[in-house]
Amino acid sequence: MSTNVRRLTGKKVAVRPPSLAEPRNPWDRAGIVQRTGKLMAEKKPASKRGRKPPDGEKKQFLTSMDPDVIRRIKAAAALRDQTASFVLEEAAKDWLDRHQDGKK
């Protein structure tokens, strides 16, 4: 529904009806309710993503292993109702006991 109008330049310009020419806010339409409550700028509470931190004084230790070894450790731990980290910690302690270099 546009009409051709000559401007001061003499060119024909397509003009939209006033209702379509004005910028519209989609939230102004009937039936759509704007959110109420907290402002967007307010800080949201931290979500609980990822793993829980280890219990007690333990720290995370990252290493790379053969996938087959990892699979076997996890399977052995599951059969004994233990975690893989517990099994690895016990194995590391045994290894350190056999090798005096790592003693305190």
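Which side chain meets that of Asp68 in a salt bridge? Select Asp68 and Arg71: their side chains form the pair, at 3.5 Å from N to O. Keep in mind throughout that this is a predicted model.

**Stop 1: helix α2**

Asp68 and Arg71 both belong to helix α2, where they sit three residues apart, about one turn of the helix. In an α-helix there are 3.6 residues a turn, so residues three or four places apart point the same way. Colour the two by accessibility: Asp68 is partly exposed, at a relative accessible area of 38%, while Arg71 counts as exposed at 52%.

Now select residues 67–79, the whole of α2.

**Stop 2**

Move to Asp66, which caps the N-terminal end of α2. One of the side-chain oxygens of Asp66 lies 3.0 Å from the backbone nitrogen of Asp68.

Then go to Asp81, which follows α2. Asp81 is not a glycine, yet has a positive phi of about 55 degrees. The residue is placed in the loop between α2 and α3. Asp81 counts as exposed because its relative accessible area is 74%, and the cut-off for exposed is over 50%.

**Stop 2**

Ile70 is partly exposed, with a relative accessible area of 33%.

**Stop 3: salt bridges at Glu89**

Where does Glu89 lie, and where Lys58? Select both and show their side chains, which meet in a salt bridge at 3.1 Å, N to O. Glu89 is in helix α3 and Lys58 is in the loop between α1 and α2, so the pair, 31 residues apart, links distant parts of the chain. Glu89 counts as partly exposed at 30% relative accessibility.

Lys93 is partly exposed, at 41% relative accessibility. Through shared partners, salt bridges join Lys58, Glu89 and Lys93 into one network.

To finish, display every salt bridge in the model: the count comes to three.

Key: Residues are numbered from 1 along each chain as its sequence is written. This is a predicted model: local features need pLDDT of at least 70, side-chain atom pairs count only at pLDDT 80 or more; totals for chains, interfaces and linings use all residues. Side-chain values use heavy atoms; hydrogens and water are left out. Helices (H or I, at least four residues) and strands (E, at least two) are DSSP runs, numbered from the N terminus. The expected span of a helix is 1.5 Å times one less than its number of residues. A polar contact is a pair of N or O atoms within 3.5 Å; within protein, one must be able to donate a hydrogen and the other to accept it, and residues adjacent in sequence count only if both atoms are side-chain atoms. Buried means under 20% relative accessible area, exposed over 50%, partly exposed in between (1.4 Å probe, protein chains only). A salt bridge is a side-chain nitrogen of Lys or Arg within 4 Å of a carboxyl oxygen of Asp or Glu.
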